[in-house]
Amino acid sequence: MQAQITQFVMAYRAEQDRLRALLPEGFESLRPVLRINAEIRKSGTETIYYLELNTPVAGFGKRGWLNIAGWESPATAISCETAETVTFFRTDFLDLRFTRTGITGGCPAESDNDGCFFPCDTVKFRPAERVEQNKEFCDCAFAWKFDANSAHGISIGGTSVAAIPTEPKTRYDRQALAAPNAAAIPCEQILGAYAVSFMRT
């Protein structure tokens, strides 16, 4: 069955050495970026809200996004509210706000994306979903709420900023690939955000 998807995506800069410390064996960090995807999925009378946290990597001969965590309603209590141009997603561990700017365009990161990696007992790979529709750029604000030191940030101007890879400088102790560990890395800058609607089969 087809589903109507309204997808909101935001990315922010985070220290790349700390991201490297989260990666499982076989993966290389490509850019100092964490990305939050939020989706409203409507199929028939059912509406599901979905959140995902990931980071850009190379591994197993491919380049794409490594899934750190994903949450879906109703298993996770996720609320979503839209008022005019503003959409809010809220959970116990995340507040997320997108404000549409009316400016449309493409997403440069899509040209460097073979798909998504999902680590479990064995790594699963899902090829990239091709979305032809233009994206509408957004201003964005977010706050992780795992603890008092979790990352937060707010964008300025709704424009996209490139994330330049950094050379390794500091070697951190290895940490588990988990959302609270990723959310503990401070947000240096929100790099961009957009919204897009499309049908998924």
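Reader: Is Cys 187 buried or exposed?

Author: Cys 187 counts as buried because its relative accessibility is 19%. Buried means under 20% relative accessible area, exposed over 50%, and partly exposed in between (1.4 Å probe, protein chains only). This is a predicted model, where local features need pLDDT of at least 70 and side-chain atom pairs count only at pLDDT 80 or more, while totals for chains, interfaces and linings use all residues. Residues are numbered from 1 along each chain as its sequence is written, and side-chain values use heavy atoms, with hydrogens and water left out.

Reader: Where is Cys 187 found?

Author: In the loop between helix H2 (179–183) and strand S13 (189–200). Helices (H or I, at least four residues) and strands (E, at least two) are DSSP runs, numbered from the N terminus.

Reader: And what is Cys 187 in contact with?

Author: Leaving aside neighbours within four places in sequence, Tyr 12, Arg 13, Phe 142, Ala 151, His 152 and Gly 153. Contact means heavy atoms within 4.5 Å.

Reader: New topic. Which strand holds Asn 37?

Author: Strand S3, residues 33–43. Asn 37 is buried because its relative accessible area is 8%.

Reader: Which side chain does Asn 37 join by a polar contact?

Author: That of Arg 35, at 3.3 Å. A polar contact is a pair of N or O atoms within 3.5 Å; within protein, one must be able to donate a hydrogen and the other to accept it, and residues adjacent in sequence count only if both atoms are side-chain atoms.

Reader: What about Asn 67, buried or exposed?

Author: Buried, at 12% relative accessibility. Asn 67 is in strand S5 (residues 62–72).
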